[in-house]
Amino acid sequence: MHGLSSPDTLESLLTSFGRLGLAHLPTPFEPMKRLSEYLGGPRLWVKRDDCTGLGLGGNKLRKLDYVLKQALAEGCDTLVSGGVVQSNSQRQVAAAAARLGLGCHLAVYHGRLAPPSAEYEKTGNALLNRLFGATLHDVPWDGDRNGAIRGLAERLGGEGRKPYLIPYGVSNPLGAVGYASTVAEIAAQSAAAGVSPAAIVHCTGSGGTQAGLVIGARRALPSTRVVGIDVVAYAKGAADLLGQAFDARDVEVVAGHAGPAYGVAHEATVEAIKLGARLEGLVLDPVYSGKGLAGLIAMVRSGRWTKDQDVVFIHTGGTPSLFAYRHLFD
């Protein structure tokens, strides 16, 4: 299978894994004409993975489509995951559990970042997790993304549950395989629009999203560079599952656009959120998608691409968490 490079081939490989159909796919692929004109740079496009549907959408639903198929096949009755208070991943896990009629227990990390507002722990994703019926377990952040999640799963198993552990960010090889579906869609949609993307830009956090993009692009868009904005251990595992080679040189992470710390928005992030909203009607968040667009804008301004090139930005979702940061826009 090595060396093949067509979206149909990638799609056929993904079909062999099967998915539940939780996400509304394909997501829209739209030109950002006003932002492109404003920046005077390349032709910009946005892949709307904020429009995956369930629980207000987001990129994690693509991964959950594949991961939860395995969970149901194993007969689980409870989903166990975790993240910070405003985690987009937790919200999508909780929504999926509600849709599937499964229990949901979430390890909510406190201490990774100082609450930026009085509403931080009550609004946005935190509110939605409670509405979806998830049981929340407050735990201290110790730097281990999955330690408390594993401990919670073990405890629930000892109580007679059949838990299925979903890692932080749904980041594992199977989740990365699921996210490769994004590239299959971009390949088909960009071909229909008559463009050949020079790059796909997104914000990278726990690594699973970028792993899927890299592996998918190697097969379906080999001339397109995948650029992660700094916020990649799963790519090799995903490549093995898809039966293709992995080259670490395909992985590019650009540092310097994450602001002072995780979950802390800086001036460039706020500017990017405002530009996305006022020029394109996009709603971005200050933790991931806003920083991703800020990185893209900085690279455009530095002249990385020419005006006649096409660059795709992936909107990974995260809209609900914006409301916990409303003070940034007062």
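**Setting up.** I am working with a predicted model, where local features need pLDDT of at least 70, side-chain atom pairs count only at pLDDT 80 or more, and totals for chains, interfaces and linings use all residues. Residues are numbered from 1 along each chain as its sequence is written, and side-chain values use heavy atoms, with hydrogens and water left out.

**Cis bond.** I looked up the peptide bond between L25 and P26. It is cis, with omega about -5°. P26 sits in the loop between α1 (7-17) and β1 (29-31). Helices (H or I, at least four residues) and strands (E, at least two) are DSSP runs, numbered from the N terminus.

**Positive phi.** I checked L56 next. Its phi is positive, about 75°, although L56 is not a glycine. I found L56 in the loop between β2 (43-48) and α3 (60-73). Is L56 buried or exposed? L56 is exposed, at 56% relative accessibility. Buried means under 20% relative accessible area, exposed over 50%, partly exposed in between (1.4 Å probe, protein chains only).

V170 also has a positive phi, near 50°, and is not a glycine. Its loop runs between β6 (163-165) and α7 (173-179). V170 is buried, at 0%.

**Strand β10.** I turned to residues 310-315. In β10, 6 of 6 residues are buried. D310, V312 and I314 point one way; V311, F313 and H315 point the other. In a regular strand the side chains alternate between the two faces of the sheet.

Which strands pair with β10? β2 does, in the parallel sense, over 6 bridges. β7 (197-204) is also parallel to β10, over 4 bridges. Pairing needs at least two DSSP bridges between two strands. I noted two bridge partners: R43 with D310, and A199 with V311.
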